[in-house]
Amino acid sequence: MASRAGPRAAGTDGSDFQHRERVAKHYQMSVTLKGEIKKLIYVHLVIWLLLVAKMSVGHLRLLSHDQVAMPYQWEYPYLLSIVPSLLGLLSFPRNNISYLVLSMISMGLFSIAPLIYGSMEMFPAAQQLYRHGKAYRFLFGFSAVSVMYLVLILAVQVHAWQLYYSKKLLDSWFTSTQEKKRK
């Protein structure tokens, strides 16, 4: 065995590393996917905090009604979308499959469903803005429908990627548990 600073061990040219143990592929994938999901959860947290701030300013009337419109109805159930993210984070330390499955199911209920409803709720206002150029709700001088559709599109992408990576992580965890049962 060679030391870090010393000469190489006699009888080897350094190409004999192929036989050494490696970290199993599903463990590598698990670490990578957990990192990706955490990044998406943090992006979701930023979206969620901005939405909470917008709703608070609208309800508490901290700014005039012309600057920040009252929240749409879909925004209230979307506030519960933080629950799936927290369940996902709780599933990571011990690879808890149950929490991850609950996170995926509740993401459909608390995250994706309100976004679908929101797209339908805001569609007539978006159609009116597109056809006639009239907007009745504003967010700091911009049409609230336009801004909220951008937020909605970003949120759909974040949640879709979160579901995709969660499914891959779940498959990775199932692979590792199946291998443990075989042994």
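F174 is found in helix α5, where helices are DSSP runs of H or I with at least four residues and strands are runs of E with at least two, both numbered from the N terminus. At 38% relative accessibility F174 counts as partly exposed, a class that lies between buried, under 20% relative accessible area, and exposed, over 50%, as computed with a 1.4 Å probe on protein chains only. The C-alpha atom of F174 is separated by 8.3 Å from that of I97, although the two residues are 77 residues apart along the chain. L50 counts as exposed, because its relative accessibility is 58%.

The model is predicted, with local features requiring pLDDT of at least 70 and side-chain atom pairs counted only at pLDDT 80 or more, while totals for chains, interfaces and linings use all residues. Residues are numbered from 1 along each chain as its sequence is written, and side-chain values use heavy atoms, with hydrogens and water left out.

The protein chain as a whole contains 5 helices and 2 strands, and from the N terminus on its elements follow the order α-α-α-α-β-β-α. Of its 183 residues, 32% count as buried. Among the contacts (heavy atoms within 4.5 Å) with a separation of 6 or more, 74% are between residues 24 or more positions apart.

Y72 is in contact with E121, M122, R137, A144, V145 and M148, leaving aside its neighbours within four places in sequence.

Helix α3 (residues 82–91) and α4 have axes that come within 8 Å and cross at roughly 170 degrees, where axes are lines fitted to C-alpha atoms, for helices over the stretch in contact, and angles run from 0 to 180 degrees between N-to-C directions. The two helices are therefore roughly antiparallel to each other, given that angles under 35 degrees count as roughly parallel, over 145 as roughly antiparallel, 65 to 115 as roughly perpendicular and the rest as oblique. The crossing of α3 past α4 is left-handed, a term used if the near helix is turned anticlockwise from the far one by less than a right angle, clockwise being right-handed. On the α3 side P84, L87, G88, L90 and S91 take part, and they meet Y99, L100, L102, S103, S106, M107, F110 and S111 in α4. The residues of this contact divide into 8 nonpolar, 5 polar and no charged, where Ala, Val, Leu, Ile, Met, Phe, Trp, Tyr, Cys and Pro count as nonpolar, Asp, Glu, Lys and Arg as charged, and the others, Gly among them, as polar.

One of the α4 residues in this contact is S111, within a helix that covers residues 97–132. S111 counts as buried, because its relative accessibility is 0%. Not counting residues up to four places away in sequence, S111 touches Y78, S81, P84, S106 and H159.

The second pair is α1 with α3, which pack at an angle of about 155 degrees with their axes 10 Å apart, and which are therefore roughly antiparallel to each other. K38, I41, H44, L45 and W48 of α1 make this contact with I82, S85 and L89 of α3, and the residues involved divide into 5 nonpolar, 2 polar and 1 charged.

Two loop residues remain. Most residues other than glycine have a negative phi. R61, in the loop between α1 (25–60) and α2 (75–78), has a positive phi near 55 degrees, and R61 is exposed, with a relative accessible area of 58%. N95, in the loop between α3 and α4, likewise has a positive phi, near 50 degrees, but N95 is partly exposed, with a relative accessible area of 30%.
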